[in-house]
Amino acid sequence: MNHQTRVYDNIFELLPTEQNPTPLVRLNQLNPMPGFPLYAKLEWMNPFGSVKDRAAWALLRDLEERGLLTEGRGLVEPTSGNTGISLAALARARGHRLLAVVPNKVPQEKKILLKIVGADLEVISDELCPAPGLGDGSINLAKTHAKASPQKYVMPNQYENAKNVEAHYTTTGPEIWRQTEGRITHLFVSLGTCGTVSGTAKFLREKNPDVKIIAVQPTEGHDVPGLRNVAQLGVSKLFDAALVDDILEVDFRLAYTRAVELCRHEGLLAGPSSGLIFEGALEIVRRDQHGHGVMIFPDNIFKYTSNLVKHIPELGAGLQP
Ligand SMILES: Cc1ncc(COP(=O)(O)O)c(C=O)c1O
(Lines give C-alpha, C1' and ligand atoms only; values in the text may rest on other atoms or scores of the structure.)
Protein backbone atom coordinates (compact mmCIF):
# COMPACT_ATOMS: atom_id res chain seq x y z
CA MET A 1 0.00 0.00 0.00
CA ASN A 2 1.07 3.56 -0.55
CA HIS A 3 -0.87 6.31 1.23
CA GLN A 4 1.08 8.97 -0.65
CA THR A 5 -0.05 7.88 -4.11
CA ARG A 6 -3.17 6.17 -2.71
CA VAL A 7 -2.61 2.98 -4.64
CA TYR A 8 -3.76 -0.15 -2.81
CA ASP A 9 -3.73 -3.92 -3.27
CA ASN A 10 -7.18 -4.38 -1.77
CA ILE A 11 -9.98 -2.44 -0.09
CA PHE A 12 -8.93 -3.51 3.42
CA GLU A 13 -5.76 -1.40 3.13
CA LEU A 14 -7.95 1.68 2.88
CA LEU A 15 -9.43 1.18 6.35
CA PRO A 16 -8.48 4.02 8.71
CA THR A 17 -5.33 4.05 10.81
CA GLU A 18 -3.17 6.74 12.41
CA GLN A 19 -1.21 6.79 9.11
CA ASN A 20 -4.39 6.88 7.00
CA PRO A 21 -6.85 8.95 9.06
CA THR A 22 -10.27 10.18 8.01
CA PRO A 23 -10.09 13.94 7.31
CA LEU A 24 -10.57 16.67 9.91
CA VAL A 25 -12.20 19.78 8.39
CA ARG A 26 -12.74 23.13 10.16
CA LEU A 27 -16.14 24.81 10.08
CA ASN A 28 -15.90 28.30 8.60
CA GLN A 29 -19.45 29.65 8.24
CA LEU A 30 -21.60 28.22 11.02
CA ASN A 31 -19.40 28.48 14.10
CA PRO A 32 -20.22 31.70 16.01
CA MET A 33 -17.12 31.54 18.26
CA PRO A 34 -13.79 32.44 16.57
CA GLY A 35 -11.92 31.54 19.79
CA PHE A 36 -13.30 28.01 19.67
CA PRO A 37 -12.49 26.36 16.33
CA LEU A 38 -14.67 23.36 15.57
CA TYR A 39 -13.45 20.53 13.35
CA ALA A 40 -15.57 17.81 11.77
CA LYS A 41 -14.06 14.34 11.46
CA LEU A 42 -15.52 13.01 8.23
CA GLU A 43 -16.23 9.38 8.93
CA TRP A 44 -18.12 9.00 5.65
CA MET A 45 -14.71 9.06 3.97
CA ASN A 46 -14.20 5.51 5.22
CA PRO A 47 -14.39 2.93 2.39
CA PHE A 48 -17.91 1.73 3.24
CA GLY A 49 -19.25 5.15 4.12
CA SER A 50 -19.46 5.42 7.91
CA VAL A 51 -17.76 5.34 11.29
CA LYS A 52 -18.89 1.72 11.59
CA ASP A 53 -16.16 0.51 9.24
CA ARG A 54 -13.86 0.70 12.24
CA ALA A 55 -15.93 -1.54 14.53
CA ALA A 56 -17.00 -3.90 11.74
CA TRP A 57 -13.39 -4.56 10.73
CA ALA A 58 -12.33 -5.20 14.33
CA LEU A 59 -15.29 -7.54 14.94
CA LEU A 60 -14.70 -9.49 11.73
CA ARG A 61 -10.95 -9.83 12.23
CA ASP A 62 -11.51 -11.10 15.76
CA LEU A 63 -13.93 -13.82 14.56
CA GLU A 64 -11.48 -14.86 11.84
CA GLU A 65 -8.52 -14.92 14.23
CA ARG A 66 -10.45 -17.08 16.69
CA GLY A 67 -11.35 -19.49 13.87
CA LEU A 68 -15.08 -18.95 14.36
CA LEU A 69 -15.94 -18.36 10.70
CA THR A 70 -15.69 -21.94 9.55
CA GLU A 71 -17.02 -23.47 6.31
CA GLY A 72 -20.78 -22.90 6.06
CA ARG A 73 -20.95 -20.55 9.05
CA GLY A 74 -21.63 -16.86 8.51
CA LEU A 75 -22.42 -13.90 10.73
CA VAL A 76 -25.70 -12.66 12.18
CA GLU A 77 -25.92 -9.13 13.58
CA PRO A 78 -28.64 -6.64 14.58
CA THR A 79 -28.01 -3.33 12.85
CA SER A 80 -29.60 0.02 12.12
CA GLY A 81 -27.81 -0.18 8.77
CA ASN A 82 -24.31 1.19 8.95
CA THR A 83 -22.73 -1.71 10.84
CA GLY A 84 -24.51 -4.09 8.50
CA ILE A 85 -23.31 -2.28 5.38
CA SER A 86 -19.68 -2.25 6.57
CA LEU A 87 -19.82 -5.79 7.93
CA ALA A 88 -21.53 -7.27 4.87
CA ALA A 89 -19.14 -5.59 2.44
CA LEU A 90 -16.08 -6.64 4.44
CA ALA A 91 -17.39 -10.15 5.09
CA ARG A 92 -18.35 -10.81 1.47
CA ALA A 93 -14.96 -9.54 0.28
CA ARG A 94 -13.42 -12.19 2.54
CA GLY A 95 -15.81 -14.95 1.51
CA HIS A 96 -18.32 -14.92 4.40
CA ARG A 97 -22.08 -14.18 4.51
CA LEU A 98 -24.01 -11.86 6.86
CA LEU A 99 -27.61 -12.04 7.99
CA ALA A 100 -28.56 -8.50 9.07
CA VAL A 101 -31.53 -8.17 11.44
CA VAL A 102 -32.95 -4.72 10.78
CA PRO A 103 -35.80 -2.79 12.45
CA ASN A 104 -38.42 -1.69 9.94
CA LYS A 105 -37.97 2.00 10.84
CA VAL A 106 -34.48 1.97 9.30
CA PRO A 107 -34.54 4.13 6.13
CA GLN A 108 -35.33 2.33 2.89
CA GLU A 109 -32.04 3.54 1.40
CA LYS A 110 -30.09 1.61 4.03
CA LYS A 111 -32.12 -1.58 3.56
CA ILE A 112 -31.51 -1.48 -0.18
CA LEU A 113 -27.82 -0.74 0.35
CA LEU A 114 -27.59 -3.77 2.62
CA LYS A 115 -28.93 -5.91 -0.22
CA ILE A 116 -26.60 -4.27 -2.73
CA VAL A 117 -23.54 -5.15 -0.66
CA GLY A 118 -24.74 -8.75 -0.38
CA ALA A 119 -26.30 -9.01 3.09
CA ASP A 120 -29.21 -11.35 3.71
CA LEU A 121 -31.91 -9.25 5.30
CA GLU A 122 -34.45 -9.94 8.02
CA VAL A 123 -36.64 -6.89 8.60
CA ILE A 124 -38.63 -6.92 11.82
CA SER A 125 -41.72 -4.85 12.55
CA ASP A 126 -41.57 -1.54 14.39
CA GLU A 127 -43.65 -2.96 17.25
CA LEU A 128 -40.88 -5.41 18.03
CA CYS A 129 -38.07 -2.90 18.15
CA PRO A 130 -37.53 -1.99 20.85
CA ALA A 131 -40.11 -4.23 22.47
CA PRO A 132 -41.16 -2.51 25.73
CA GLY A 133 -39.98 -4.53 28.70
CA LEU A 134 -38.41 -7.18 26.48
CA GLY A 135 -35.18 -5.47 25.55
CA ASP A 136 -34.46 -4.75 21.93
CA GLY A 137 -36.29 -6.88 19.37
CA SER A 138 -33.59 -6.94 16.72
CA ILE A 139 -30.86 -7.81 19.23
CA ASN A 140 -32.89 -10.62 20.75
CA LEU A 141 -33.79 -12.05 17.37
CA ALA A 142 -30.14 -12.11 16.25
CA LYS A 143 -29.21 -13.82 19.54
CA THR A 144 -31.93 -16.40 18.96
CA HIS A 145 -30.57 -17.23 15.49
CA ALA A 146 -27.01 -17.60 16.84
CA LYS A 147 -28.22 -19.86 19.67
CA ALA A 148 -30.60 -21.97 17.62
CA SER A 149 -28.23 -22.50 14.67
CA PRO A 150 -24.62 -22.27 15.90
CA GLN A 151 -23.48 -24.28 12.87
CA LYS A 152 -24.88 -21.51 10.61
CA TYR A 153 -24.34 -18.29 12.54
CA VAL A 154 -21.93 -16.52 14.85
CA MET A 155 -22.98 -13.15 16.31
CA PRO A 156 -20.25 -10.56 16.91
CA ASN A 157 -22.72 -8.43 18.94
CA GLN A 158 -21.55 -4.86 18.53
CA TYR A 159 -23.50 -3.84 21.69
CA GLU A 160 -21.38 -5.99 24.01
CA ASN A 161 -18.15 -6.75 22.16
CA ALA A 162 -15.04 -5.04 23.60
CA LYS A 163 -13.49 -5.10 20.10
CA ASN A 164 -15.93 -2.33 19.16
CA VAL A 165 -14.38 -0.07 21.83
CA GLU A 166 -10.86 -1.25 21.01
CA ALA A 167 -11.33 -0.26 17.35
CA HIS A 168 -11.76 3.38 18.39
CA TYR A 169 -9.07 3.20 21.08
CA THR A 170 -6.53 2.08 18.47
CA THR A 171 -7.65 4.23 15.51
CA THR A 172 -10.09 7.13 16.10
CA GLY A 173 -8.41 8.34 19.30
CA PRO A 174 -4.81 8.28 18.00
CA GLU A 175 -5.90 9.89 14.70
CA ILE A 176 -7.56 12.82 16.49
CA TRP A 177 -4.65 13.30 18.89
CA ARG A 178 -2.19 13.42 16.00
CA GLN A 179 -4.39 15.55 13.73
CA THR A 180 -4.95 18.20 16.44
CA GLU A 181 -1.31 17.98 17.60
CA GLY A 182 -2.66 17.36 21.09
CA ARG A 183 -4.67 20.60 21.14
CA ILE A 184 -8.12 19.05 21.40
CA THR A 185 -10.11 20.33 24.41
CA HIS A 186 -13.61 19.02 23.57
CA LEU A 187 -14.79 15.87 21.79
CA PHE A 188 -18.39 15.80 20.53
CA VAL A 189 -19.93 12.38 19.83
CA SER A 190 -23.26 10.60 19.60
CA LEU A 191 -24.25 7.40 21.37
CA GLY A 192 -25.40 4.23 19.63
CA THR A 193 -23.51 1.13 20.69
CA CYS A 194 -21.18 3.59 22.48
CA GLY A 195 -18.08 2.03 20.92
CA THR A 196 -17.08 5.39 19.45
CA VAL A 197 -17.41 7.37 22.67
CA SER A 198 -15.82 4.80 24.98
CA GLY A 199 -12.80 3.94 22.81
CA THR A 200 -12.01 7.47 21.65
CA ALA A 201 -12.58 9.05 25.07
CA LYS A 202 -10.41 6.46 26.83
CA PHE A 203 -7.49 7.16 24.49
CA LEU A 204 -7.80 10.95 24.64
CA ARG A 205 -8.25 11.01 28.42
CA GLU A 206 -5.06 8.98 28.82
CA LYS A 207 -3.24 11.60 26.74
CA ASN A 208 -4.88 14.54 28.53
CA PRO A 209 -7.30 13.95 31.41
CA ASP A 210 -8.76 17.45 30.90
CA VAL A 211 -10.25 16.72 27.46
CA LYS A 212 -14.03 17.20 27.80
CA ILE A 213 -16.17 14.44 26.33
CA ILE A 214 -19.60 15.70 25.28
CA ALA A 215 -22.23 13.17 24.21
CA VAL A 216 -25.26 14.37 22.28
CA GLN A 217 -28.52 12.46 22.43
CA PRO A 218 -31.81 12.82 20.57
CA THR A 219 -35.04 13.36 22.51
CA GLU A 220 -37.32 10.37 23.06
CA GLY A 221 -39.40 9.15 20.11
CA HIS A 222 -36.60 10.13 17.73
CA ASP A 223 -35.99 8.69 14.29
CA VAL A 224 -32.27 9.33 14.01
CA PRO A 225 -30.99 5.92 12.86
CA GLY A 226 -28.00 4.60 14.75
CA LEU A 227 -28.61 6.61 17.91
CA ARG A 228 -30.10 5.89 21.29
CA ASN A 229 -31.68 8.32 23.66
CA VAL A 230 -30.72 8.14 27.35
CA ALA A 231 -33.73 5.94 28.18
CA GLN A 232 -32.56 3.36 25.58
CA LEU A 233 -28.89 3.36 26.63
CA GLY A 234 -29.16 0.29 28.88
CA VAL A 235 -28.96 -1.86 25.75
CA SER A 236 -25.30 -1.00 25.24
CA LYS A 237 -22.92 -2.69 27.66
CA LEU A 238 -20.16 -0.49 26.25
CA PHE A 239 -21.37 2.80 27.76
CA ASP A 240 -19.08 4.07 30.54
CA ALA A 241 -20.53 7.10 32.33
CA ALA A 242 -17.11 7.87 33.89
CA LEU A 243 -15.79 8.71 30.41
CA VAL A 244 -18.45 11.34 29.63
CA ASP A 245 -18.53 14.89 31.05
CA ASP A 246 -21.89 16.03 29.67
CA ILE A 247 -24.84 14.34 27.99
CA LEU A 248 -26.88 16.90 26.05
CA GLU A 249 -30.40 16.05 24.96
CA VAL A 250 -31.32 17.74 21.69
CA ASP A 251 -34.72 17.94 19.95
CA PHE A 252 -34.32 15.21 17.32
CA ARG A 253 -35.87 17.32 14.56
CA LEU A 254 -32.80 19.59 14.80
CA ALA A 255 -30.71 16.64 13.60
CA TYR A 256 -32.28 17.09 10.17
CA THR A 257 -32.31 20.91 10.00
CA ARG A 258 -28.71 21.19 11.21
CA ALA A 259 -27.59 18.52 8.75
CA VAL A 260 -29.07 20.53 5.87
CA GLU A 261 -27.37 23.71 7.17
CA LEU A 262 -24.02 21.91 7.16
CA CYS A 263 -24.67 20.79 3.57
CA ARG A 264 -25.68 24.26 2.40
CA HIS A 265 -23.21 26.48 4.26
CA GLU A 266 -20.11 24.38 4.88
CA GLY A 267 -20.20 21.97 1.93
CA LEU A 268 -20.18 19.17 4.48
CA LEU A 269 -22.71 16.56 3.35
CA ALA A 270 -23.44 15.52 6.91
CA GLY A 271 -26.13 13.02 7.93
CA PRO A 272 -28.65 13.50 10.75
CA SER A 273 -26.53 12.15 13.61
CA SER A 274 -23.81 14.64 12.55
CA GLY A 275 -26.47 17.38 12.57
CA LEU A 276 -27.41 16.46 16.12
CA ILE A 277 -23.78 16.43 17.25
CA PHE A 278 -23.27 19.86 15.65
CA GLU A 279 -26.26 21.29 17.55
CA GLY A 280 -24.73 19.99 20.81
CA ALA A 281 -21.35 21.49 19.89
CA LEU A 282 -22.98 24.89 19.28
CA GLU A 283 -24.42 24.83 22.80
CA ILE A 284 -20.97 24.14 24.26
CA VAL A 285 -18.97 26.65 22.19
CA ARG A 286 -21.39 29.35 23.37
CA ARG A 287 -21.03 28.15 26.98
CA ASP A 288 -17.23 27.64 27.10
CA GLN A 289 -16.24 30.25 24.46
CA HIS A 290 -12.62 29.03 24.13
CA GLY A 291 -11.33 25.64 23.10
CA HIS A 292 -10.44 23.34 20.21
CA GLY A 293 -13.33 21.06 19.34
CA VAL A 294 -13.59 17.88 17.31
CA MET A 295 -16.98 16.52 16.24
CA ILE A 296 -17.10 12.94 14.99
CA PHE A 297 -19.50 13.02 12.01
CA PRO A 298 -20.60 9.37 11.63
CA ASP A 299 -21.97 9.33 8.07
CA ASN A 300 -23.24 11.49 5.22
CA ILE A 301 -26.68 12.56 4.03
CA PHE A 302 -27.14 10.25 1.03
CA LYS A 303 -28.83 7.44 2.97
CA TYR A 304 -31.46 9.71 4.51
CA THR A 305 -33.30 11.49 1.71
CA SER A 306 -36.63 9.81 2.54
CA ASN A 307 -36.33 10.76 6.24
CA LEU A 308 -35.34 14.31 5.28
CA VAL A 309 -38.40 14.83 3.12
CA LYS A 310 -40.55 13.66 6.05
CA HIS A 311 -39.02 16.26 8.39
CA ILE A 312 -38.47 19.07 5.89
CA PRO A 313 -41.42 18.70 3.47
CA GLU A 314 -40.34 21.66 1.30
CA LEU A 315 -37.43 19.51 0.07
CA GLY A 316 -39.97 17.36 -1.75
CA ALA A 317 -42.20 20.21 -2.89
CA GLY A 318 -42.91 20.29 -6.62
CA LEU A 319 -41.20 16.93 -7.24
CA GLN A 320 -43.03 13.96 -8.76
CA PRO A 321 -42.99 10.98 -6.36
C1 LIG B 1 -25.33 7.19 11.69
C2 LIG B 1 -24.75 6.76 13.00
N3 LIG B 1 -24.41 7.70 13.89
C4 LIG B 1 -23.89 7.36 15.09
C5 LIG B 1 -23.70 6.06 15.48
C6 LIG B 1 -23.19 5.76 16.85
O7 LIG B 1 -21.92 5.16 16.91
P8 LIG B 1 -21.59 4.11 18.05
O9 LIG B 1 -22.39 2.86 17.76
O10 LIG B 1 -20.13 3.86 17.98
O11 LIG B 1 -22.02 4.69 19.39
C12 LIG B 1 -24.06 5.05 14.58
C13 LIG B 1 -23.94 3.64 14.97
O14 LIG B 1 -24.47 2.75 14.35
C15 LIG B 1 -24.59 5.40 13.31
O16 LIG B 1 -24.95 4.45 12.41
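This is a tour of a predicted model, stop by stop, with what to select at each one.

**Before you start**

Residue numbers run from 1 along each chain as its sequence is written. Because the model is predicted, local features need pLDDT of at least 70 and side-chain atom pairs count only at pLDDT 80 or more, while totals for chains, interfaces and linings use all residues.

**Stop 1: the two domains**

Colour 11–45 + 168–313 as domain 1 and 52–154 as domain 2. These bounds come from an automatic or database domain assignment. The domain centres, taken over C-alpha atoms, are 24 Å apart. Now select the contacts between them: 18 residues of domain 1 are in contact with 19 residues of domain 2. Contact, or touching, means that two C-beta atoms, placed from the backbone, lie within 7 Å. On the side of domain 1 that touches domain 2, helix H5 (162–179) and helix H9 (305–311) each supply at least two residues. Helices (H or I, at least four residues) and strands (E, at least two) are DSSP runs, numbered from the N terminus. That side of domain 1 holds six nonpolar, nine polar and three charged residues. Here Ala, Val, Leu, Ile, Met, Phe, Trp, Tyr, Cys and Pro count as nonpolar, Asp, Glu, Lys and Arg as charged, and the others, Gly among them, as polar.

**Stop 2: the ligand shell**

Where does the ligand lie relative to domain 1 and domain 2? It lies between them, because both domains give residues to the shell around it. Select the 20 residues around the ligand; Gly 192, Thr 196, Gly 226, Ser 273 and Pro 298 come nearest. A residue is near a molecule or strand if its C-beta atom, placed from the backbone, lies within 6 Å of it. Helix H2 (82–93) and helix H6 (195–207) are the elements that give two or more residues to this shell. By class, the shell has six nonpolar, 12 polar and two charged residues.

Zoom in on Gly 226. It sits in the loop between strand E8 (212–218) and strand E9 (246–250). Gly 226 is buried, with 23 other C-beta atoms within 10 Å. Buried means 20 or more other C-beta atoms within 10 Å of a residue's own, exposed means 12 or fewer, and partly exposed lies in between; C-beta atoms are placed from the backbone. Leaving out residues up to four places away in sequence, Gly 226 touches Ser 80, Asn 82, Gly 192, Ser 273 and Pro 298. Draw the C-alpha distance from Gly 226 to Gly 192: 5.5 Å, across 34 residues of sequence.

**Stop 3: helix H2**

Select 82–93. H2 has 12 residues and reaches 17 Å from its first C-alpha to its last, close to the 16 Å expected at 1.5 Å a residue. The expected span is 1.5 Å times one less than the number of residues. How many residues of H2 are buried? The count is 10 of the 12, so the helix is largely enclosed by the rest of the structure. Show what covers them: helix H1 (52–65), strand E3 (74–78), strand E4 (98–103) and helix H3 (108–116) are included. Just after H2, Gly 95 has a positive phi of about 90°.

Stay on Leu 87, one of the buried residues of H2. Beyond residues up to four places away in sequence, it touches Ala 56, Leu 59, Leu 60, Leu 75, Glu 77 and Leu 98.

**Stop 4: the largest nonpolar core**

Nonpolar side chains tend to be buried together in soluble globular proteins. The largest nonpolar core here has 84 residues; Leu 87, Ala 88, Leu 187, Ile 277, Ala 281 and Met 295 touch the most other members. Such a core is a set of buried Ala, Val, Leu, Ile, Met, Phe, Trp, Tyr and Cys residues joined through C-beta atoms within 7 Å. Helix H8 (residues 272–288) gives it the largest share, seven residues. Domain 1 and domain 2 each contribute at least three residues.

Select H8. It is mostly covered, with 13 of its 17 residues buried. Gln 289 follows H8 and has a positive phi, near 65°.

**Stop 5: Ala 255**

Move to Ala 255 in helix H7 (residues 253–266). It counts as buried, because 30 C-beta neighbours lie inside 10 Å. Its contacts beyond four places in sequence include Pro 218, Ser 273 and Leu 276.

**Last stop: Glu 181**

Find Glu 181 in the loop between H5 and strand E7 (186–190). Its phi is positive, near 50°. Glu 181 is exposed, with 8 C-beta neighbours inside 10 Å.
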